[in-house]
Amino acid sequence: MIIAEIVLISLIGGLLSIDRAAAFQVMVSRPVVTAPLIGMMLGDVMTGIQAGLIIELLWIGALPVGASVPPDETIVSILVPSLAIWQSRLTGVEGFHFLALALILTIPLAILAQRLDSRIREKNIASAHAADHFNMEGCIDDVEKECLKGLKRFYLGYSVLIFFSLLLGAAFFPYLHSLLPPFFLKGLERLYYVLPIIGLASLMASTRVKNSIKLFFLSFIVVFSLFEVV
Amino acid sequence: MTRKVLKSVVFRSFLIQGTWNFERMQNLGFCYALIPALRHIYGKGEKVREPVKRHLEFFNTHPYMAAPVIGAAVKMEEDVARGDMNGEDINTFKAGVMGSYGAIGDSFFWGTLKPFASLMAVFVSLMGQVLSPFIFLMLYNISHLRLRIAGFYMGYEEGIGVVDGLKRFNFPVLMKRIKMLTVISSGALLAVYLNIKPETELEQYGLIGTLVAVMLFGLYYRALKGGATPQLLIYASLVISVGFSAFI
């Protein structure tokens with residue numbers, strides 16, 4: 001049963017991943033969309049929403065500038081809700097420490113996916129040369145085919161990476177979780193509550209607005225006092 | 001130029017980064033988008049080879065901002081075919097606009113609109129609403145699709161004059177306002193977050209919990225300003241949090 005889910009998520013996940021930098025870029029690859037979508041596919045939208053909100057905030061300050069691409073938030077948004085939902089299905093309990101554990105295990109994948117992205121962009125150079133060649137020969141149809149080859153590379157690369165990550169995750173996550181002592185799980189749960197604060201700090205650190213930090217605290221104090229009064 | 005051809009160019013412009021490469025970056029995407037128009041203008045024979053070659057040259061800008069450039073290139077190719085313009089001029093135009101367009105696109109879409117739409121969606125998620133993905137997609141894509149579709153046709157209408165036409169979008173003013181709103185919403189979001197989660201321990205400790213959270217924010221802010229990445233802060237916090245939990 002779980003293998004069917006892994007295959008399905010890999011096929012859809014590849015599509016979501018190409019939205020990130022290769023095609024359309026309507027931002028269905030953002031955590032706030034991707035994670036709920038994965039949650040929906042696994043029958044637990046709320047866990048997807050929870051994961052999406054945390055990952056979105058953690059990546060909110062990371063900007064692609066020119067040719068540089070930041071660590072891949074899409075693959076994290078696919079893995080984290082999947083692992084957390086499978087784990088609560090298995091154990092029958094729900095807990096934020098599942099999300100936190102899944103997150104700290106999949107962040108290295110974000111960097112791996114970033115490397116994969118670079119590799120594919122290197123491979124695409126061959127298509128640029130092939131297109132020159134076909135144009136010289138007068139085969140415009142073949143030029144067009146070369147123009148689309150990168151999409152196939154991105155889709156296949158991402159789908160395969162997602163597939164094996166999910167497979168490994170599904171196999172080892174429950175075991176790893178069972179090894180952890182209760183205090184570690186408590187630490188994970190506490191970490192989970194702190195994560196949005198890291199995200200907001202990274203957004204503020206990357207914002208270039210005059211007096212931004214003063215404005216931030218002013219707004220914070222006003223809204224906070226409103227809560228206290230009401 | 002027929003509407004059908006233009007539509008196909010617009011559709012293809014969404015794939016501009018499909019075969020992005022480290023040598024000539026968006027060249028294949030740009031050429032791919034233009035091919036239906038080039039075929040229409042130059043026919044199927046030998047004549048199409050030269051313009052295709054021209055658009056296989058290096059090109060790189062923000063993917064959305066490429067749309068008005070593609071529109072202008074279609075227009076200019078028509079001029080070239082009629083003999084009113086030199087083919088070389090198109091490449092000079094492309095090379096001339098790609099840098100500044102890239103900078104505008106990066107700072108408006110990646111640096112301003114995306115964080116703002118994200119933040120609004122996070123607000124909605126915090127309220128436990130499943131609507132957040134839709135709110136994000138709507139807030140973000142209204143401007144995005146407008147620039148890509150209307151921007152393309154504007155480029156096609158105005159040709160080389162598209163550089164002035166884009167000023168109508170008024171990016172600098174819009175950017176300033178949205179950024180201000182993002183900062184204010186971030187402060188509000190932190191307050192809402194600290195209030196809305198009754199199950200957090202921070203809440204349990206009342207005002208002291210809030211102070212701890214604000215101090216943490218300050219510490220993270222300093223570290224990030226000093227060059228730390230969010231990923232590093234996550235692992236550092238994990239170590240501290242687990243170590244702390246071993247005792248308390």
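Predicted model: local features only at pLDDT ≥ 70, side-chain atom pairs only at ≥ 80, totals over all residues.
Student: Start with chain A. How many helices and strands are there?
Tutor: Chain A has eight helices and zero strands. Along the sequence, the pattern reads α-α-α-α-α-α-α-α.

Student: What box do the C-alpha atoms of chain A fill?
Tutor: Roughly 75 × 50 × 25 Å, taken along the principal axes.

Student: And how much of chain A counts as buried?
Tutor: 51% of its 230 residues.

Student: What share of the contacts in chain A comes from residues 24 or more positions apart?
Tutor: 72%, counting contacts with a separation of 6 or more.

Student: Let's zoom in on α2(A). Why is it described as largely enclosed?
Tutor: Nine of the 11 residues of α2(A) are buried, so the rest of the structure largely encloses this helix.

Student: Which residues are buried there?
Tutor: P31(A), V32(A), V33(A), T34(A), A35(A), P36(A), L37(A), I38(A) and G39(A).

Student: What covers them?
Tutor: Both chains contribute. The cover includes α1 (2-21), α3 and α4 (73-91) of chain A, along with α5 and α6 (132-158) of chain B.

Student: What comes just after α2(A)?
Tutor: G43(A), with a positive phi of about 80 degrees.

Student: Switch to chain B. How far apart are the ends of α5(B)?
Tutor: The end C-alpha atoms are 55 Å apart. The helix covers residues 87-126, and its 40 residues should span 58 Å at 1.5 Å a residue, so the two values agree.

Student: Where is the kink in α5(B)?
Tutor: The kink is centred on M98(B) and is about 35 degrees.

Student: What follows α5(B)?
Tutor: G128(B) follows, and its phi is positive, near 75 degrees.

Student: Pick one residue, S186(B). Buried or exposed?
Tutor: S186(B) is buried, because 26 other C-beta atoms lie within 10 Å and 20 or more is the cut-off. S186(B) sits in helix α8 (residues 171-196) of chain B.

Student: What is S186(B) in contact with, beyond its neighbours within four places in sequence?
Tutor: L200(A), L203(A), M204(A) and F216(A) from chain A, plus L119(B). Separately, S186(B) and M120(B) are 66 residues apart in sequence, with their C-alpha atoms 9.5 Å apart in space.

Student: What about domains in chain B?
Tutor: The domain assignment gives domain 1 (3-180) and domain 2 (200-247). Their C-alpha centres lie 41 Å apart.

Student: Last topic, the largest nonpolar core. Which members touch the most others?
Tutor: V80(A), L99(A), A201(A), L34(B) and I70(B), out of 133 residues. α5(A) gives the most to this core, with 15 residues.

Student: Why is that core said to lie between the two domains of chain B?
Tutor: Domain 1 and domain 2 of chain B both give residues to the core, so it lies between them.

Student: And what does I70(B) touch?
Tutor: V9(B), S13(B), F30(B), A33(B), L34(B), F152(B) and G155(B), leaving out residues up to four places away in sequence.

Notes: Residues numbered from 1 in each chain as written. Chains lettered and ligands numbered in written order. Helix = DSSP H or I, 4+ residues; strand = E, 2+ residues; numbered from the N terminus. Expected span 1.5 Å × (residues − 1). Bend = angle between axes of the 7 residues up to and from the residue. Buried ≥ 20, exposed ≤ 12 C-beta atoms within 10 Å, placed from the backbone. Contact = placed C-beta atoms within 7 Å. Domains from an automatic or database assignment. Core = buried A, V, L, I, M, F, W, Y, C linked by C-beta atoms within 7 Å.
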